[in-house]
2 protein chains.
Amino acid sequence: MIEIAIMGLGTVGTGVARVVEENAPQIERKLGEPLRVKAVLVRHFKEGPYRHLMTDDFKDIEGDGDIRVVVEAIGGVDAAYRYTKRALAAGKHVVTANKQLVAERGCELLALARQKNVNYLFEASVGGGIPILHPLTQCMAANRIDEVYGILNGTTNYILTRMVRTGASFEEALREAQEKGYAEADPTADVEGVDAGRKICILADLAFGHQVSPGEVPMEGITKLSLRDVEIAQQAAYRVKLLGRAVRMPDGGRTAYVAPHLLPSGHPLANVEDVFNAVVVKGNATGEVMFYGKGAGAMPTASACVADVMEALQESPQREEIGWSPDAAGFVDPRELPSRHYFRVRGTLEDAAAAFGRVEVLSEGAETAFLTESMTAREAGLRCSGLDVLAHLRAL
Amino acid sequence: MIEIAIMGLGTVGTGVARVVEENAPQIERKLGEPLRVKAVLVRHFKEGPYRHLMTDDFKDIEGDGDIRVVVEAIGGVDAAYRYTKRALAAGKHVVTANKQLVAERGCELLALARQKNVNYLFEASVGGGIPILHPLTQCMAANRIDEVYGILNGTTNYILTRMVRTGASFEEALREAQEKGYAEADPTADVEGVDAGRKICILADLAFGHQVSPGEVPMEGITKLSLRDVEIAQQAAYRVKLLGRAVRMPDGGRTAYVAPHLLPSGHPLANVEDVFNAVVVKGNATGEVMFYGKGAGAMPTASACVADVMEALQESPQREEIGWSPDAAGFVDPRELPSRHYFRVRGTLEDAAAAFGRVEVLSEGAETAFLTESMTAREAGLRCSGLDVLAHLRAL
C-alpha cells in the first residue's frame, strides 16, 4: 500500500482523488501495489466524500512518514511554493499541475528535490492530460531540440474557433466561453496570453536546458485581435491561432514569446479547434512531431498527476534531463527572430510594396492586407513606419 | 564512458551510429557521461566510416563486459531473436526498432530481460521517431486504455494521399512511392497491412496488458481498394485511411485489426497526409490524445533507439507497465465490433434501404454508395447478402 496526500481540493485535487479511486485496478497492476489517498489539505473543512481525509494543518502531512508523495493542487505561488519546499525537504516526492509555480520556481524546486533524493514532477502543467514533457525530455533525449511551439491554451483557442465559425467578435465569443465553463469569471491570464506564456517557459526550460523566466518573455493575447483579420486570414486559406513559441537561435541563444499567428490552413496546428491543445516539437533527428488532445479539464489533468505519482515512485531522482540550469543568460529578444509578417494597412498595394518589396496580398480595397517575406520583427517594425498600420501579426 | 554495440548496419543501424556521433553533446549532457559505439555486428565487412568497429562474430559483443547496451537493427525474427536472447542472457540491455520480433516474441523477451535485470525497449518499433509507447505506458498509466487506433504505415498513407490528390490508381501511386524511396521493391508487408498489423499488435499488448498475436489479427491492406471509392468518399467529405485499431470490448475482451476506413474529413486523422503517421490513444480519464509525425526514416527511428539506450541505462527493469501477460485468451473476432459501414452496390437507394434501413447516401446512380448505421461487421455481412456488393469498407 502506497499512501499519498493531496494539497488543495479544487478541480485538479478532486480529480486526483477520483482517478485514484476509479482507476484503482489499472494503477495497482502497474505499480504492483494499491495506491491510497491518506490526507487532503484544505483551508476550510467541507462536507463531501473526502471529508474524513481532510486536515487544515500542513504538519499532519509533513510529519506523516507513511505519505510518500504529495500532489500540490493549490495553485498560485505563495502557499504552493512554501508547502512544496517543506514537502520536498521532508523527503516526499511532489507532483503538480501548477504551471505558474514551475515556470517561476521550478529550477530551484528541482534542485531541492535532487538534493533530497526525491522527484518533483509536473507533466500536467503543460497540456493537461496530453503527454508532452516526458516525450520531450526522455523519448526525444537523443535530439537537439531546435524549436517547440503550439496552441497551449484551450480557452483562447475556443474563442478563436467561435470567431471563425460564427463571426462572433472577441467579446461575444468570450462570453460564450464563460457560459460554457471554458473561461473563468476573470479570464485575464488566458486571454492576455499569460497562461500560454508560463507553459512556453516550462517547455523552453526543458528543451534548451536553461532558465527562461516568465518576466522576460513577451506575452500577447487575443484581446486586441480584430474579427476583420481573422476573416481575411480565413478567406485567404490561413488561420489565426494563439501560439507560444520557443526557438533555439542559430548563434546558440534562445528566445520565447506568445502571440497570435497566421498559419497556412494545411499546417497541422491549423485544424486544432475548440478547446484542444497541440504542441509541435522539432528535433534535429526526429523532425517535427505533434502532441494533440484536450489541454485542460479535471480528469485529464488529474490523470497526468497520478501518472507522475507512479513515475515519482519508480524513477531515479538523479536524471539530468528532467531539469535545467538556473543560468538565464542567452535569452534573445524575439524581435530578432525572423518570420513572415501579416499587416493590414489603410492604403494600397503600392504603399505596401514600397515599404516591403515583394508581398503576398490577402485582401485589397480601401484597406490592404498582406504577408511580407521573412524578416525580423524589428525590421518589419522599421519598414512599416510610413504606413497607416491597422493590424500587425506574425505568420508562421 | 558508456559503450554500446549495434547489430546490423542497414538504415536503422547506420542511423544509430550517426545520431550517437552527431548529437554527442546533447546525449552526454543528459546521460552525465559520453556514449560510444564500440562494436558493430555485420554479416559481410564493408568499407566506410564504421569499418574499424565491425565484427562478424556475435561472441565479440556477447563476451565484451564493457558493452552495456546492444541495439538490434538486424530486422526479421531468426538471427535477431537468437542474438537478442543471448545479449539479454549476457546481462546487456537490448533496444530495437524491430516490430516483427516484438510483436511475435516481445512478451518472452521482456520476461527474459526482467529475469536478467536488464531492459528490453522498443519505442522505435511503432511510429519511428514519434514518441508513442512511452506516453501510452507511462504518461497515461493512470488511465484505463479503451482504444488505440491510427495511421501506422507511411507508405500506404503516401499512396492514399496521391490517389486523392492526383487521381492515380493504386498501382500508379505505388510506382511513384517506389521511385521516391517511400516503398520498398517488395512492398508486400506495407500494402497488405502486415507492417501496420505488427504495430497494432504491440500497441494492443501494451494498452491491454495481454498478448495479442499477429496470427490472430485480421490484416487487410489497400491493394483491393478502388480509386472510385476513394473519390466518392472525398466528394462526400470523408477520407479513406488505412487504420490499425485495437479496442477494449465492453465485456472485457479485446480485439484488433487493420483495414481501410472512411473517416469524416474533420477527424484529426483525416488530415494526416503523405508519409506521416498518427496514433490516437483513448484513455478513460484523459480522453483522446494524438501523437503525430514522420513514422519512418533513418534518423527519426535511430534517435528513438538512442533515447531508449539512454532510458535503458537509467530505468529500473522491474517496471510492470512496460510488459504484458502471455495469456492471449479473450481475443474477440473484430467482426463483433460495431461500427458504421460503407457499401458501394450495383443497385438503387431503395435496394440499400431495404437491406439496411436508414442509410447516409454518398453517391447515387447506376451504383449507390452509402453508409449504414452502426452494426457489427457480421451483421453488415448478413444484411448485404442480397445486394450486388462492389465495395465494402468500415467507417469510423
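Biologist: Which residue in strand 11 of chain A is the bridge partner of K282(A)?

Modeller: The bridge partner of K282(A) in that strand is E288(A), in a model that is predicted, where local features need pLDDT of at least 70, side-chain atom pairs count only at pLDDT 80 or more, and totals for chains, interfaces and linings use all residues. Residues are numbered from 1 along each chain as its sequence is written, while chains are lettered from A and ligands numbered from 1 in the order in which they are written.

Biologist: What makes strand 10 and strand 11 of chain A a pair?

Modeller: Strands are DSSP runs of E with at least two residues, helices are runs of H or I with at least four, and both are numbered from the N terminus. Two strands pair if DSSP finds at least two bridges between them, and eight bridges join strand 10 (residues 276-283) to strand 11 of chain A, so the two count as a pair. These strands run antiparallel, and a hairpin joins strand 10 of chain A to strand 11 of chain A through three residues.

Biologist: How many bridges join strand 11 of chain A to strand 11 of chain B?

Modeller: Five bridges join the two, and because a pair needs at least two, they are a pair as well. Strand 11 of chain B (residues 287-294) runs antiparallel to strand 11 of chain A; M290(A) has Y292(B) as its bridge partner, and F291(A) stands opposite F291(B).

Biologist: Why is strand 11 of chain A called largely enclosed by the rest of the structure?

Modeller: A residue is buried if 20 or more other C-beta atoms, placed from the backbone, lie within 10 Å of its own, exposed if 12 or fewer do, and partly exposed in between. Six of the eight residues of strand 11 of chain A are buried, so this strand is largely enclosed by the rest of the structure.

Biologist: What makes residues of chain A and chain B count as being in contact, and how many do so?

Modeller: Two residues are in contact if their C-beta atoms, placed from the backbone, lie within 7 Å, and 49 residues of chain A are in contact with 49 residues of chain B. Helix 2 (24-31), helix 6 (133-139), strand 11 (287-294) and helix 12 (298-314) of chain A each supply at least two residues of the side of chain A that touches chain B. The largest share of that side, 10 residues, comes from helix 12 of chain A.
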